[in-house]
Each structure stands twice: as structure tokens, then as C-alpha cells.
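Let's take a walk through this model together, one part at a time. Keep the structure open beside you as you read.

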Amino acid sequence: MKGQLQEAFTELYGKQAVDTFFCPGRVNLIGEHIDYNGGLVMPCAITFGTYLLVTPNDDNVFRFKSLNFNEQAEVPLQSSYQKTGETWYNYPIGVIDHFQKNGKRLQGLDMLFYGDIPIGSGLSSSASIEVVTAFALNQLFNAGYSRLELVKLSQAVENKFIGVSCGIMDQFAVAFGEENKALKLDCNSLEYEAVDSNLGNYVLAIINTNKPRKLAESKYNERVQECQTALKALQQQLDITYLCDIDTETFNKCKNLIEDETVLKRAQHVVEENDRVKLAAEALNDNDLTEFGRLMYASHDSLRDLYEVSGKELDTVVEYAKTNPDVAGARMTGAGFGGCAIALVEGSAFEQFSKEVIVYYTNKVGYAPAVYSSLIGNGVGTLNEAVKS
Ligand code: ADP
Ligand code: MG
């Protein structure tokens, strides 16, 4: 991979790239729609992501090219930038803007991006391109940001410069991911534990439904609102700041405070899902993938029935998984309404799984999904440190 990218760089810019960086994408293993409710999530970095090859120039310009998109750009080095339309290079420009506004001294750069990750499918290619750019600038110009600061500034770029409201989980996972570890992350305190996730004979299958996520944003905002309503109702009696401040037992005692039936279902998902993350971490610690798989299925069922963020496409993948004895568990991952599902599949059965899920899904949905197998990889780094070398 690196050789081919180096060739592409040389062809484009007529010189060698002096540095290559890689930032993975992520999947959330369990803990969905929890980040904005102050609870626990459990993402991990995957071995697909975004490469960035770069060489400084003396021309005081930033040149942007991505092998995934046709548009390329050249913009002068200046003290601040505006978002231009909907072009992909808003992401690296947003990061540069942040460095500039914070007084970090930059120099012109020739940059080539390439993502081997499905883009726009819920595997956080956006966090990946933000963090790889931030990491590269930090290293090339000795800007002195800590890894956590890079996470926060990348999230700020996505929220403010790009204009997408997202929690911190994605940027955190792609920056702090560790090989064969899941990150049990408290989205509130940002304390985390890297939980040993030796998948043993299993591989992580990623099934991209290839469904455009049209409804995702408005429904996402609606869920955030519903959780707020539930929280307010519970606060009449409980001294809590987030829904995830209580466990299922407490919730069951107080849930009659929530009058609206829909709001009640949303809150029940959140509280139970947060408890499931704790159980899932224990299961991983015990190397009990059967129990972990059971929790994945329970998570999916809850997202389908209580939180209502799944859909025919994601449900079809999980429905198939349940018929296959070589699958320990499966669930939708990410915000829902399309995007990707994940499954823990016995390694030697992966090819068979892949073939069968494609046939099953295509028959039911009318078009094919894409299926990948991934390892749990490292977070952002220079290419030699990162998993893919
Ligand atoms: P995702 O679920 O993949 O994060 P988003 O819609 O949040 O989906 O982000 C996808 C956008 O991120 C792309 O449309 C593009 O603007 C940018 N992006 C991601 N990866 C790349 C890449 N390799 N090259 C250029 N732009 C990229
Ligand atoms: Mg994204």
C-alpha cells in the first residue's frame, strides 16, 4: 500500500513524500446512543482508515489531493479559513484553521490522502481524516498538543467548522485505539480503560448496508431531545445530571415519573445499554465471547425496539447472523438508519459468512451489502507505528 501511495504522490507533486501517517476508522462494539447521555461506550480502532502522505513546500500554500475524490485544491497559507461548499478538503482545512487560530506556526504542505475505509458509512472516516491531519501537523511543526488535545480539536473542527454535531467518541477511538483492545470510555470524564479484547478464533466482520443515511441527522436530534425530556422527568425526584447516572434497578423504581410512552422506551434503552457495556467489559476480561455476543444481540434488539434507530437493512444483517452458528453476536453500530453492522464471526467460517450474508441481504433488500473483516488496530501514528505497514 505504502509503495503505491508513494508512487501516486511522486506522480502528482514530482517529489517524494517525506512522511506518511495513518489513522484508523472505528466501530463501536457496544454502548450505542450513550455518548450524549454521559455513560459508557466501547469502541475500538479498526485496520481500515486514512493515509496521509506529506512533504513541506516553500510556496506558502497547502495542496490537497485525495485519491477518493476528484476535486483537488490549492489554498494559500493564511491566518484563518472559511468552509467552502461541501468539498472534502474542508476537513483538513478546518484542522489547519484551528492550528492557525491558536498561534501554531505552520508552513506550506503538499498533501495526499487515501482512505481504504468505506466513506460516509458510519465507520468515522471523518474523524479519521481530521485526526490524521491534526496528528501530522502536530508532529511536523512541533505544535506540542497532547493526544487528548488533538482529539478535542478534531471534534471541535467537526462541530464548528464542518457543522456536524457529534460526541467525542469517534475522535477518541481513532486516536487512542490499541491493537486487540476495546476502549471502555466514560464519555463524560473521558477516563478510559483499554480492555483486553483478544478475539481468539473470531474476526470482526463489518457489513456495510450501503444504505444512504438520509434520516440520520433529524432522527438523531430527535433522540437527543427525547433523552432530555426523560432526564427532566427523572430529575423531579433524582439528583442526576445524565440518564446514565442511574442503573437499571434505580430506573425501574422511578420510571413512572416519565409519562410519555415513547420517551420511556428511549430512556430504558439508554439505561440498560449503559449497564450492558459494564457486563460486556467483564465478558471480554473473562474471554467469554459467547456472553459478549449475547450482549451484542441484546443491544441490537433494544436499538430496534426501544430506541427505534435501526431499520430493515441493519435488521436483515442481524437476522441472518442469528441463523449462523459460527457467529457469536451481531449488532448495528453507529447512529443507525443505515451505515454498518458488525458481527463476531469464527475466523475459518468468515468466507462462508460473507457469501451467505450477501445472498440473504440481497434477496430481502434488493441490493448487495459490502462485507469486510477487520482486526482491532492501533490509533493514529506514523505508518511504521500504525498497524498497517
Ligand atoms: P463517516 O461515517 O465515514 O464519518 P461522514 O459523512 O461523517 O461519514 O464523513 C465523510 C466525509 O469525510 C467525506 O464525504 C469526505 O468529505 C471526508 N473524508 C473522509 N475520508 C476521506 C478521504 N480519504 N479523502 C477525502 N475526504 C475524506
Ligand atoms: Mg463521520
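The buried residues of helix 10 pack against strand 8 (202-208), helix 9 (289-305), strand 9 (327-333), strand 10 (340-346) and helix 11 (350-365). Helices (H or I, at least four residues) and strands (E, at least two) are DSSP runs, numbered from the N terminus. Two residues are in contact if their C-beta atoms, placed from the backbone, lie within 7 Å. The residues of helix 10 that are buried are Glu313, Leu314, Thr316, Val317, Val318, Tyr320 and Ala321. A residue counts as buried if 20 or more other C-beta atoms lie within 10 Å of its own, as exposed if 12 or fewer do, and as partly exposed in between, with C-beta atoms placed from the backbone. Helix 10 also passes a simple length check: its 12 residues (312-323) should span 16 Å at 1.5 Å a residue, and its end C-alpha atoms are 17 Å apart, which agrees. The expected span here is 1.5 Å times one less than the number of residues.

A word on what you are looking at. This is a predicted model, in which local features need pLDDT of at least 70 and side-chain atom pairs count only at pLDDT 80 or more, while totals for chains, interfaces and linings use all residues. Residues are numbered from 1 along each chain as its sequence is written, while chains are lettered from A and ligands numbered from 1 in the order in which they are written. The protein chain averages a pLDDT (the predictor's confidence in each residue, from 0 to 100) of 95, and 98% of the residues score at least 70. The model scores ipTM 0.99 and pTM 0.95. Do take care with residues 385-389, where pLDDT stays under 50. Where pLDDT is low, the predicted coordinates should not be read in detail.

Now turn to helix 5 (residues 169-176). Because 8 of its 8 residues are buried, helix 5 is largely enclosed by the rest of the structure. Its buried residues pack against strand 1 (19-30), strand 2 (40-56), helix 3, helix 4 (147-162), strand 6 (181-186) and strand 7 (192-196). Which residues does Gly379 contact, leaving aside its neighbours within four places in sequence? They are Pro24, Ala45, Val174, Ala175, Phe176, Gly177 and Glu178, and of these, Val174, Ala175 and Phe176 are buried residues of helix 5. Gly379 itself sits in the loop between strand 11 (370-374) and strand 12 (381-382), and it counts as buried because it has 27 C-beta neighbours inside 10 Å. Its C-alpha atom is separated by 8.7 Å from that of Gly25, 354 residues away along the chain.

Another buried residue is Arg276, in helix 8 (residues 261-285); it counts as buried because it has 25 C-beta neighbours inside 10 Å. Beyond four places in sequence, Arg276 touches Ile30, Leu295, Ala298 and Ser299.

Finally, look at ligand 1. Of the 18 residues around it, Ser66, Trp88, Gly115, Ser125 and Ser126 come nearest; a residue is near a molecule if its C-beta atom, placed from the backbone, lies within 6 Å of it. Strand 5 (109-115) and helix 3 (125-140) each supply at least two residues of this shell. By class, the shell has 8 nonpolar, 10 polar and no charged residues, where Ala, Val, Leu, Ile, Met, Phe, Trp, Tyr, Cys and Pro count as nonpolar, Asp, Glu, Lys and Arg as charged, and the others, Gly among them, as polar.
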